[in-house]
Amino acid sequence: MKEVIALVRPRNLAATFQATAALGAELLCHQRVMGRGRQGGLRYMRPFVGGQEGEIPFLPKRMLVWIVPDESVRAVVAAVISANYSGAPGDGKVFVCSLDDVADEEALAAGSNVGSLASYA
């Protein structure tokens with residue numbers, strides 16, 4: 001199993017949900033986050049302060065997390081990229097992390113054999 005984490009623009013959230021749900025990757029968690037990439041936030045001219053430069057150091061983003069089987073990772077990452085790519089700075093990032101053990105909380109509570117995670121129950 002792999003964990004796929006994507007940081008995307010809020011306006012692309014629905015398109016990302018649809019693209020990944022079409023692949024069967026429906027189990028996800030999302031949250032609002034603030035962040036910046038190489039562009040360092042947003043710089044603009046303040047209209048009311050004599051044209052001085054202002055900045056917004058962190059921009060609103062959405063962090064989406066999927067847990068997917070190894071064979072689905074490439075398809076999920078490709079769907080996330082296709083739903084979010086515009087070629088402009090700030091399109092987002094996608095991270096893929098390996099998961100050594102995954103257990104359902106209900107399985108732990110029921111005392112099922114869940115591998116090495118049973119020792120945590």
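Reader: Where is Ser 72 found?
Author: Ser 72 sits in the loop between strand 5 and helix 2. Helices here are DSSP runs of H or I with at least four residues, strands are runs of E with at least two, and both are numbered from the N terminus.

Reader: What should I know about the model and the numbering?
Author: This is a predicted model, in which local features need pLDDT of at least 70 and side-chain atom pairs count only at pLDDT 80 or more, while totals for chains, interfaces and linings use all residues. Residues are numbered from 1 along each chain as its sequence is written, and side-chain values use heavy atoms, with hydrogens and water left out.

Reader: Back to Ser 72. Is that residue buried, partly exposed or exposed?
Author: Ser 72 is partly exposed, because its relative accessible area is 25%. Buried means under 20% relative accessible area, exposed means over 50%, and partly exposed lies in between (1.4 Å probe, protein chains only).

Reader: How far is Ser 72 from Ala 25?
Author: The two are 47 residues apart in sequence, and their C-alpha atoms are 8.4 Å apart in space.

Reader: What is the overall layout of the chain?
Author: The protein chain has three helices and six strands. From the N terminus on, the order is β-α-β-β-β-β-α-β-α. Of its 121 residues, 28% count as buried.

Reader: And how many salt bridges?
Author: One. A salt bridge here is a side-chain nitrogen of Lys or Arg within 4 Å of a carboxyl oxygen of Asp or Glu.

Reader: Which residues form the salt bridge?
Author: Arg 9 and Asp 91, with their closest N and O atoms 3.0 Å apart. The pair links distant parts of the chain, 82 residues apart: Arg 9 is in the loop between strand 1 (2-8) and helix 1 (13-21), and Asp 91 is in the loop between helix 2 (73-84) and strand 6.

Reader: Are Arg 9 and Asp 91 buried or exposed?
Author: Arg 9 is buried, at 14% relative accessible area. Asp 91 counts as buried too, at 12%.

Reader: What else does the side chain of Asp 91 reach?
Author: The backbone nitrogen of Gly 87, at 2.9 Å. The Asp 91 side chain also makes a polar contact with the side chain of Ser 86, at 2.6 Å. A polar contact is a pair of N or O atoms within 3.5 Å; within protein, one must be able to donate a hydrogen and the other to accept it, and residues adjacent in sequence count only if both atoms are side-chain atoms.

Reader: Which residues does Asp 91 touch?
Author: Leaving out residues up to four places away in sequence, Asp 91 touches Leu 7, Val 8, Arg 9, Asn 84, Tyr 85 and Ser 86. Contact means heavy atoms within 4.5 Å.

Reader: New topic. Which residues of helix 1 are buried?
Author: Leu 13, Thr 16 and Thr 20.

Reader: What covers the buried residues of helix 1?
Author: The cover includes strand 5 (59-68) and helix 2.

Reader: Last one: where is Val 96?
Author: Val 96 is in strand 6 (residues 93-98). At 42% relative accessibility, Val 96 counts as partly exposed.
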